[in-house]
Amino acid sequence: MKQYISSILLVCLSIIIIGAYYGIMIVNANDFPEYSIKTLEGHESEMKDVSLSGFVEKEGMNTSVKITSNETLYLSNQSSLQRMTVYNDPRIEKLKKEHRSFMRGKNNIYSFYQDADFIAYAETVYKPSSLDHSYKYVFNIGLLDLASDKDISFELGVPGEIFNSISVLDVQLIQSKLKVVTKNYMYTNTGMDEAEVHVYTFDLGNQKLLNDEVIITPQQVKMGYDVINSMEQNPSQPQKSIIFIKRPEIVNQSEGSANTTNKAAIFEYVYDKNHLKTIELPESLTDRIVTSQNYVNGDKLYVINHDAKGLHLTTFTITNQTITNDQTFPIKSVGTETFPIVIKNDRVYVLATNDFEENNSSNLPPQLFIGEMKTGKTMYKGEVIPKKVDQKFNTKSLVLYSLEIN
Amino acid sequence: MKSYIKLVNFEINRFIKIYVSLLVITLLSQFIGVIVTSSSFMNRAHEVMFEQNLSESGYLHKFGGIDFTDISSTLWFIGPIALCIVALIFYSFMIWYRDWFGKNTFAYRLLMLPTARISLYFSKASAILLFTFGLLAFQILILPLENTLFESLILENFLKTRMDVSVILQSNGILGIVIPPYFSDFLISYGIGMMFVFVLFTSILFERSFRLKGIVLGILYFIAAVLLFLSPLFAMANETVPDLYPEEIFALFLVLGILITGASIAIGNWLISKRVLV
Amino acid sequence: MIEVNQLTKKFGRKKVLDGVTFTANKGEITCLIGINGVGKTTTLKAIMGLTPINKGSILIDGQKINKSMYEKVTFIPDAITMLPQMTIKQAMQFMRDFYKNWNQERATELLTFFKLDEKTRISELSKGNTAKINLLMGLAIDVDYILMDEPFSGIDIFSREQIAEVFTSHLIEDRGVIITTHEINDIEHLIDKVILLDNGIVLKEFNTEQMRQEEGKSVIDVMREVYQG
């Protein structure tokens, strides 16, 4: 037995110490608080489809967390394999499950278009050309016919000059033509961004680029033209148009030049009309829209501001250019931060977050607010708090930054 | 099985003296590192405070405090870990060649043992694995002691943050790789490590079986195994291969890993039972 | 019986063994004699499965070499197979650990006969004593066949005498022995059978007793005839 002493010691100590270490790590990984959404006002059934994402800080490390009405899901509790996919967008994960083969290599939710019959995809990739190995942007286009489950995909070079970077703003399928709206950044010597917005039209059947149109020129971009994003919840839904905002220029006062166009304005680019048209804004919105959080959903433009009374949400219907709804919801504003907001089924869901900044003095837990769009009534109000008090975690340990309604 | 255990034990006893020296070197170097680094920090802090007429908080405001990452990034600390890694890699070769070279050809004895020769192959691989785990365990064991010593040497106010062992391990590049935070990652890392030990052993057996020609065969086998294992990465860079999902890439690596390990053991078994020369 | 049949072994293009065929019986001492070349040692290694062969077959009591054969046949190479840092005791312990048929009694007997102390380290042994311990490690296993490679080469006269004495003792008696040598003097009176090898082929195979009785020739006489005539 004596001759085995070294081996026995080596084996036992290794197993005990490494085992204990990972045992403690697993216990530690599970040693995160369970959170619940505590109802302050309204009925719980309102928030049963809500899920909140963010992270919990512990000893300087962040661990991703997802909180729903009945569970708290931590990333560190999951196997390596689960960790590989969980960072992905859940919307992408859903598409991946349904159309595994088509979804290969397609990761950007903003590059998708989805309707009842088709899923289209368009992204730009920077890659070396097979001819002279110089790097150039190309379009990567894909289309899935849901009825026949057949898909096509092809690659086409981005025409024109060499761009510094290209980002896809919107993808739409209009009368079996694929419209891809991109913001193309040019190389400049000044270090200033110079960009223009293009609409590319593709003939999917013949895999050809039919048209390349600049709808916002570099001059206009410089003047403050920008796109208004669709509601975060559903960036790939069919839209018949894309909306741009022009924010007022910052006029250099010392030059003293009078600027008559220094007012906010809204433009609509209707895909099947191929032109940019000015939308008349009511006087009450022209000032507000400069600093507001804006979203487009179908033909609705939501203008959201925080003011003394709370969250001021105005719905502007683009087709008839009128304000169709105007409500103020009693949500306390902490600063000038923008809250994650989802508007769905006549409800507005607001995640009133604590600030990311360290010097945030407020010590309030994140709040979930649900209001009725039509009436402005508060349907639900709750705060996200740990189920049990734990010294290691305080309200600042939990940072939530996104909100989903399933 | 019984002779496999005896052989593992035999391999461990043969290396134990050098191994214990490695542990002692690690222990001494890291503890000296803790003492030297923290006392020189405190001395310098006092000197600077005296010269510049600073208060404690004034010094801390200007120069900041110290934490264990300042220790674990020194050569005192990293050096012995690197030494142990190099020693184990060297040992992976030595564990075979010492039986052939030297005055006494112990290989005769080993190959004439009344046991399946693959047991030799496995016993040598197991010895390497056990020594590796032993080193990890030793580092995990002495780290909290070093941390306690460090915290006792540094005045409370100068300590930036208290760190526990897991935080120290994760904040240090080399330790974070050697002792990954998740057990599944630990299995993956050391699974890959063992696969390369088997590949290396089989390459060595190629050389031991075919000598000069075997060197070429062994090197080719090693390169082929590495390239095969990394082939999913090449495939991902290739345009014509469809994009793979992360779980598919993982599955591919897993299958390739099992395949390469299996092939290495099978070829190793054939070489050591049928082709090896003394 | 060990049967070597048409054994052929090449090193590169060179054939060191070319169709070597012979048998060695239990209870007999068979001597492989070769003036030069590596064929003798290679033959023993081939029997033990320590070097792959190109052609031919080797059977030990009708079976090919496998792991259980190592408890039936043992090989004593010309250098010791134990680690230099081991003591004789540790070396014996090692053998005892791995061989079921290790005979500790016989090992102790041999140790006493050779007048060696088991606490001595292998590295501290003289050349002659190393050869004795090497012999001990092989002889103390209860095997049917013992293969010895040049047991007398390069050691002093007294050690040679002692080793030779072992051959006539009960330690050998009913076992089969194959021994290689290039100096026949010390053991001529011990051996039963001689195989004369040269350039990888068997030149002559004969029984020493028969040769002496029928032709009146000693081993040396035959060697002279074969190698020089």
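Helices (H or I, at least four residues) and strands (E, at least two) are DSSP runs, numbered from the N terminus.

## Basis of the model

This is a predicted model, in which local features need pLDDT of at least 70 and side-chain atom pairs count only at pLDDT 80 or more, while totals for chains, interfaces and linings use all residues. Residues are numbered from 1 along each chain as its sequence is written, and chains are lettered from A and ligands numbered from 1 in the order in which they are written.

## Chain B: helices and overall form

Chain B has ten helices and zero strands, giving the pattern α-α-α-α-α-α-α-α-α-α along the sequence. An unreviewed UniProt entry lists "transmembrane region" for residues 20-42, 75-97, 118-142, 187-206, 218-237 and 249-272 of chain B; UniProt positions are given in the numbering used here, feature names are shortened, and annotations may be inferred rather than shown by experiment. Residues 218-237 of chain B are 100% helix and 0% strand, with 28 Å between the end C-alpha atoms. Residues 249-272 of chain B are likewise 100% helix and 0% strand, and their end C-alpha atoms lie 34 Å apart.

The radius of gyration of chain B is 24 Å, whereas a compact globule of 278 residues would have a value near 19 Å. This radius is taken over C-alpha atoms, and the globule rule is 2.2 Å times the number of residues to the power 0.38. Along the principal axes, the C-alpha atoms of chain B fill a box of roughly 80 × 55 × 35 Å. Of the 278 residues of chain B, 34% count as buried; a residue is buried if 20 or more other C-beta atoms lie within 10 Å of its own, exposed if 12 or fewer, and partly exposed in between, with C-beta atoms placed from the backbone. Among contacts in chain B between residues at least 6 apart in sequence, 77% join residues at least 24 apart. Two residues are in contact if their C-beta atoms, placed from the backbone, lie within 7 Å.

## Domains of chain B

Chain B is divided into domain 1 (1-181) and domain 2 (182-278), with bounds that come from an automatic or database domain assignment. The C-alpha centres of domain 1 and domain 2 of chain B lie 28 Å apart. Their contact takes 18 residues from domain 1 of chain B and 17 residues from domain 2 of chain B.

On the domain 1 side of this contact, α4 (75-100), α5 and α6 of chain B each supply at least two residues, and α6(B) gives the most, with seven residues. By class, that side has 14 nonpolar, two polar and two charged residues. Ala, Val, Leu, Ile, Met, Phe, Trp, Tyr, Cys and Pro count as nonpolar, Asp, Glu, Lys and Arg as charged, and the others, Gly among them, as polar.

## Chain C

The secondary structure of chain C comprises seven helices and nine strands. Its 229 residues would, as a compact globule, have a radius of gyration near 17 Å, and the value of 18 Å for chain C agrees. The C-alpha trace of chain C spans about 50 × 35 × 30 Å along its principal axes. In chain C, 39% of the 229 residues count as buried. Of the contacts in chain C between residues at least 6 apart in sequence, 72% join residues at least 24 apart.

## Contacts between chains

The contact between chains A and B takes 24 residues from chain A and 26 residues from chain B. On the side of chain A that touches chain B, α1 (5-30) and α2 (80-86) of chain A each supply at least two residues, and α1(A) provides the largest share, 13 residues. That side of chain A divides into twelve nonpolar, ten polar and two charged residues.

The contact between chains B and C takes 18 residues from chain B and 20 residues from chain C. Helices α1 (2-51), α5 (106-111) and α10 (246-275) of chain B each supply at least two residues of the side of chain B that touches chain C. The most, four residues, come from α5(B). This side of chain B divides into nine nonpolar, four polar and five charged residues.

## Nonpolar cores

A nonpolar core is a set of buried Ala, Val, Leu, Ile, Met, Phe, Trp, Tyr and Cys residues joined through C-beta atoms within 7 Å. The largest has 124 residues, and those touching the most other members include Leu111(B), Phe201(B), Ala91(C) and Leu136(C). Helix α6 (residues 118-153) of chain B contributes the largest share of this core, twelve residues. The core lies between domain 1 (1-181) and domain 2 (182-278) of chain B, because both give residues to it.

Leu111(B) touches Arg117(B), Val276(B), Val278(B) and Leu50(C), not counting residues up to four places away in sequence.
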